[in-house]
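Here are my notes on this model, as numbered points. Please read them beside the coordinates.

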Amino acid sequence: MDLELAGLSQVERYKLLIGLVIPRPIAWISTWSENGVANCAPFSFFNVISEEPPLCVVSFNRRSDGAIKHTLKNIRRTGEFVVNLVDEATANAMHVSSAELAESESEFDAAGLTPVPAAMVRHPRIAQAPAALECRVERRIEFGPEREMVVGEIVLVHAREGVIDADTKRISQTGYAPIGRLFASRYCTTRQRFDLPGELA
Ligand SMILES: Cc1cc2nc3c(=O)[nH]c(=O)nc-3n(C[C@H](O)[C@H](O)[C@H](O)COP(=O)(O)O)c2cc1C
């Protein structure tokens, strides 16, 4: 089957692309809103794309009422954000925090989360998350009126005890249980791993 994207509706394209390109990592982004409310929400159009310089990308569409997502608004205002990573223990809270709340309400409260100060950026990180990437905006690219991509320079990695080996800087195979997004409300664990022959650097 060949599907020309120009011949599909926006919803059909969305479902096709998010169903095919799986699993996707999840950026659980935390920011302070202008009114001092701690905001967080998940974004799975996300990945790291480079280590020199250390970069990640996240892309945003609009809220259902057409307004800019609070996360993007806060990123545009401050030029900074925190990407928290999601594990099995925080999956439910992440999902709950995707609700479109009013700017006066905090997803931290709704999902039972605790904001703690980040080290190098002015936004909070999520205390319950296993790891967090503190980011400064490297550039923003708008793709038409409905889609904007933010490229973030990662300036600091925070991880809770047991996730990163302090000497080797390697990630623990047992102390970190990240999840991925499939589509709709479906997620996957990363428990089924396998090795192929040959050594990579
Ligand atoms: C797992 C998951 C992944 C999501 N990925 C994205 C995404 O990549 N881009 C986006 O704009 N919205 C995405 N959303 C929807 C946002 O989380 C949702 O619109 C949220 O209410 C935005 O909150 P904010 O207005 O406080 O920023 C995703 C939702 C879930 C549950």
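1. Helices (H or I, at least four residues) and strands (E, at least two) are taken here as DSSP runs, numbered from the N terminus. The model is predicted. On that basis the protein chain has four helices and eleven strands. Its radius of gyration is 17 Å, close to the 17 Å of the globule rule for 201 residues, so the chain is as compact as a globular protein of that length. The C-alpha trace spans about 50 × 50 × 30 Å along its principal axes.

2. Take contacts between residues at least 6 apart in sequence: 60% of them join residues at least 24 apart. Buried residues account for 38% of the 201 residues.

3. Strand 2 (residues 38-43) deserves a look. How many of its six residues are buried? Six of the six are, so strand 2 is largely enclosed by the rest of the structure. Ala-38, Cys-40 and Pro-42 point one way. Asn-39, Ala-41 and Phe-43 point the other way. In a regular strand the side chains alternate between the two faces of the sheet. Here the residues pointing either way are buried.

4. The partner of strand 2 is strand 1 (residues 27-32). The two run antiparallel and are joined by six bridges. Ile-29 stands opposite Ala-41. Five residues lie between the strands of this hairpin, and Gly-36 takes a positive phi near 85° there.

5. Helix 2 (residues 70-78) has these buried residues: His-70, Thr-71, Leu-72, Asn-74, Ile-75 and Thr-78. What do they pack against? The list is strand 1, strand 2, strand 4 (54-60), strand 5, strand 8 (131-143) and strand 9 (147-159). Just after helix 2, Gly-79 takes a positive phi of about 70°.

6. Phe-81 is in strand 5 (residues 80-84). Is Phe-81 buried or exposed? Its relative accessibility is 0%, and buried means under 20%, so Phe-81 counts as buried. Phe-81 and Gln-128 are 47 residues apart in sequence. In space they are 17 Å apart, C-alpha to C-alpha.

Methods: Residues are numbered from 1 along each chain as its sequence is written. This is a predicted model: local features need pLDDT of at least 70, side-chain atom pairs count only at pLDDT 80 or more; totals for chains, interfaces and linings use all residues. Side-chain values use heavy atoms; hydrogens and water are left out. The radius of gyration is taken over C-alpha atoms; the globule rule is 2.2 Å times the number of residues to the power 0.38. Buried means under 20% relative accessible area, exposed over 50%, partly exposed in between (1.4 Å probe, protein chains only). Contact means heavy atoms within 4.5 Å. Two strands pair if DSSP finds at least two bridges between them.
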